Amino acid sequence: MKAVSIQTFGDPSGMAVIDVPDPSPGPGQVLVQTVAIGVGGVDAVVRRGTLGGYGFTEGHIPGSEVAGRVIAVGDDVDAAWIGRRVWAFTGVGGAYAELAVARIADVTALPDALSSIDAVTLGSAGPVAHFALAHARFTAGDSLLIRGAAGSIGILAVQLAGSGPIAVTTSSPSRGERLRKLGATVVLDRDGNGVGPAEYDVVLDIVGGPGLPSFVDRLADNGRLVSVGVVGGYPPADFGMAFLRSFQRSRSFATFSLNTVPEETRNQVRASIFADPPEAVVHDVLPLAEAAGAHRRMDAGEVFGRIVLTTGAN
Ligand SMILES: NC(=O)c1ccc[n+]([C@@H]2O[C@H](COP(=O)([O-])OP(=O)(O)OC[C@H]3O[C@@H](n4cnc5c(N)ncnc54)[C@H](OP(=O)(O)O)[C@@H]3O)[C@@H](O)[C@H]2O)c1
């Protein structure tokens, strides 16, 4: 099969289309002929090599979510899956390819009405947004600030949060306008400046980085800041002081990872998102062979929503 692999970590020019042997599904796994492949922010982090210490080596096939058709199953998997259209999480890698294996526990059947392109735009980011809001004990009527809202997770959080006051940070007024059309009511710049409430009940933070402590100062009494991603790098090591200095405000901090949500619960939420989908914001659709170009566009910060790769299969 054709796959895209990272031959050299660093710049996108280190990615190449290669021929590799077809994978076969092991026990508890399925083999998916991929139609669409989601390109996520974490794929760029892996490609840059900053996760090198986690054991990725040159030749690694990046990507973690695909949609397509099951063409084979391993031992212990019901053969009735063969021929079904599915969304699948492949783990941290293995998705930028014409064929991908996934554990059956990480597979969700696709309704006919949902395209493969939309499935890989919603399938991972939707549950992350849903459970991150729940982890923050967000309820209707709470004021919400989503930091880094123009990515796939933030866009879903804006849509899933309902009709209350929803502030977003973004890098340009035009991106802010697009977020308003999706449900944001307040648009702030990346530093949190703009016309809007001074404080929020919940801050959903996808950015991290040096700016995080100033957003602790934007929490209301009993406010909750949940860290969902670190696209701007890790915050300063002493960021916890921002909480301690305002001890009497009973603010709190938590990280959130989808890994801690039981598989069955996450799969149920994904299936309900697929059955009644919010808007899937697809920035562009490119052939699999243009994966490096997709990464260049991510690195340039021009992507709003998701870039999706396609293989030509259907
Ligand atoms: N918690 C989980 O279970 C989970 C699951 C999957 C992924 N993740 C994490 O989520 C993150 C990726 O999420 P995503 O794909 O939605 O994000 P993304 O598209 O990579 O970034 C979100 C937005 O953040 C803004 N941004 C980027 N760099 C910034 C910086 N240095 N300072 C301020 N703003 C910046 C950009 O928007 P503007 O240009 O408009 O500001 C960008 O569109 C990764 O950290 C990944 O590891 C977490």
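Q: At what angle do H1 and helix H9 (residues 291-299) pack?
A: This is a predicted model, where local features need pLDDT of at least 70, side-chain atom pairs count only at pLDDT 80 or more, and totals for chains, interfaces and linings use all residues. Residues are numbered from 1 along each chain as its sequence is written. The axes of H1 and H9 are 10 Å apart; axes are lines fitted to C-alpha atoms, for helices over the stretch in contact, and angles run from 0 to 180 degrees between N-to-C directions. The two helices pack at about 100°.

Q: Is H1 roughly parallel or roughly perpendicular to H9?
A: Angles under 35 degrees count as roughly parallel, over 145 as roughly antiparallel, 65 to 115 as roughly perpendicular and the rest as oblique. The angle here is about 100°. That makes H1, relative to H9, roughly perpendicular.

Q: Which residues of H9 does H1 meet?
A: Helices (H or I, at least four residues) and strands (E, at least two) are DSSP runs, numbered from the N terminus. Contact requires C-beta atoms, placed from the backbone, within 7 Å. H1 brings Gly41, Ala44 and Arg47 to the meeting. Their partners in H9 are His295, Met298 and Asp299.

Q: How many charged residues does the contact of H1 with H9 have?
A: Ala, Val, Leu, Ile, Met, Phe, Trp, Tyr, Cys and Pro count as nonpolar, Asp, Glu, Lys and Arg as charged, and the others, Gly among them, as polar. The contact has 2 nonpolar and 2 polar residues. Its charged residues number 2.

Q: Is Val39 buried or exposed?
A: Val39 is in strand S3 (residues 29-39). It touches Ala294, Met298, Arg306, Ile307, Val308 and Leu309, not counting residues up to four places away in sequence. A residue is buried if 20 or more other C-beta atoms, placed from the backbone, lie within 10 Å of its own, exposed if 12 or fewer, and partly exposed in between. Val39 has 27 C-beta neighbours inside 10 Å, so it counts as buried.

Q: What distance separates the C-alpha atoms of Val39 and His295?
A: These two residues are 256 apart along the chain. Their C-alpha atoms are separated by 8.0 Å.

Q: How far apart are the centres of domain 1 and domain 2?
A: The protein is divided into domain 1 (2-124 + 261-310) and domain 2 (137-255). These bounds come from an automatic or database domain assignment. Taken over C-alpha atoms, the centres are separated by 28 Å.

Q: How many residues of domain 2 are in contact with domain 1?
A: Domain 1 brings 11 residues to this contact. By class, that side has 4 nonpolar, 5 polar and 2 charged residues. From domain 2, the number of residues in contact is 12.

Q: Where does the shell around the ligand lie?
A: Gly41, Gly148, Gly151, Gly229 and Gly232 come nearest of the 26 residues around the ligand; a residue is near a molecule if its C-beta atom, placed from the backbone, lies within 6 Å of it. Both domains give residues to this shell, so it lies between domain 1 and domain 2.

Q: Which helix gives the most to the shell around the ligand?
A: H1 (41-48) and H4 (152-160) each supply at least two residues. The largest contribution is 3 residues, and it comes from H4.

Q: How many of the 11 residues of helix H3 (residues 125-135) are buried?
A: What covers the buried residues of H3 includes helix H2 (116-122), H4, strand S11 (200-205), strand S12 (219-227), strand S13 (252-255) and helix H8 (263-275). Among the buried residues are Pro127, His130 and Leu133. H3 is largely enclosed by the rest of the structure because its buried residues number 9.

Q: Which residues does Gly123 touch, not counting residues up to four places away in sequence?
A: Gly123 is in the loop between H2 and H3. It has 27 C-beta neighbours inside 10 Å and counts as buried. Gly123 touches Glu65, Trp87, Thr108 and Arg270.

Q: What is the phi of Asn222?
A: Asn222 is in strand S12. It is exposed, with 11 other C-beta atoms within 10 Å. Its phi is positive, in a residue other than glycine, and near 65°.

Technical notes. Contact = placed C-beta atoms within 7 Å.
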